[in-house]
Amino acid sequence: MFKRSQTSLRAKLMWTSALALSVALSVALLLTIGLAIERQYSNLHERLTIQAQILANNSIPALLFEDVEAVRDILGALQADNAIVAASMAWHESALDAHYQRTPKQPSGLLTAWIGAYLPRLSFLPRTLEVHYDVVHKQRSLALLKLQADLTELYVAVLRTALVGLAVVAFSLLATMGLSQRWLKRVIRPILQLAEIAEYIGRNKDYHLRVPSLSEDEIGQLTRRFNAMLAEIQTRDDNLERTVAERTHELLQLNQQLQHQAFHDPLTGLPNRVLFDDHLKAALVSAQRHRRQFAVMYFDLDRFKAINDTYGH
């Protein structure tokens, strides 16, 4: 058994349009977030690659002379890039290496602090991005350069995009519901009018009413078909009333005829003995009630027996 819904048609249409819009906007928001992540990740990777190329070119003399301090100074220039948190240079032909580690700083924004606090709990999300670059001089591999960038700012940018997208989705839903409520009120007005007239006709059995057709769309077509149905019902109702009136008139005539036949002689049309007895009883009751007298006159027709023998009693 299906449960009868108490929600109005306008509310159903409004919530349906809002649901469809929310799904579409949610898909668009997810695509936007995905594209934002891909763009931010690509930009960061490209920036690290460019930084690695610059550092590699600047480090070739120090690598050739195995000057570790000079390589550390070159890596120390990464201090200007806030995204890079660590770097290392490892010689291929010796055990020498140089490292750079950024000093941790206090987060500069609320979103940065929040993501920095909760990112370690999300183990499925990477926290850093590493780029490996082979330093080559005259087709000779000198060292391996590793750059490591923190992805916190990337997640901050993505979260910022998501919050803006959610705000846009919420505003769009509110605007859509407001506009759709006004628009649906105009759209379903003919349906509500049709329902009101149908209820009035069902209550008062007045099939002469008609619903004005205000459009040429499906609602207008429904209105015209409803009016055609009313016209057919009205025709059937009029025919039924006419038939009932004719049958009633025939029954009244038949009843009068039967009543006349019951109290009159079919041959002469004169009142018969039944009617005489009925009038005699009424006269007796009236005489007793008013203490009056009455007389009964009796007529005898000569040779009436011949008529009875010929035409019957």
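**Close-up views of a predicted model**

View 1. V23 has its place in helix 1, which comprises residues 9-64, in a model that is predicted rather than determined by experiment. Together with L19, V27 and L31, V23 makes a nonpolar surface patch of about 380 Å².

View 2. A157 is found in helix 4, which comprises residues 152-187. The relative accessible area of A157 is 18%, and A157 is therefore buried, since that class takes residues under 20%. Although A157 and A36 are 121 residues apart along the chain, their C-alpha atoms are separated by 8.3 Å.

**View 3. The two sides of helix 5.** Four residues of helix 5, namely P190, L194, I197 and I201, are buried. Because they cover an arc of only 70 degrees around the axis, these residues lie on the same side of helix 5. On the other side of helix 5, by contrast, E196, E199 and R203 are exposed.

**View 4. The span of helix 5 and the residue that follows.** Helix 5 comprises 16 residues, 189-204, and at 1.5 Å a residue these should span 22 Å, which agrees with the 22 Å that separate its end C-alpha atoms. Helix 5 is followed by K205, a residue whose phi is positive, near 55 degrees.

Definitions and conventions: Residues are numbered from 1 along each chain as its sequence is written. This is a predicted model: local features need pLDDT of at least 70, side-chain atom pairs count only at pLDDT 80 or more; totals for chains, interfaces and linings use all residues. Side-chain values use heavy atoms; hydrogens and water are left out. The expected span of a helix is 1.5 Å times one less than its number of residues. Buried means under 20% relative accessible area, exposed over 50%, partly exposed in between (1.4 Å probe, protein chains only). The arc is that of the directions from the helix axis to the C-beta atoms. Patches are made of residues with over 30% relative accessible area and no salt bridge: like charges are joined within 9 Å, nonpolar side chains (Val, Leu, Ile, Met, Phe, Trp, Tyr) within 5 Å. Accessible areas come from the Shrake-Rupley method with a 1.4 Å probe; for residues, only the protein chains shown count as cover. A salt bridge is a side-chain nitrogen of Lys or Arg within 4 Å of a carboxyl oxygen of Asp or Glu.
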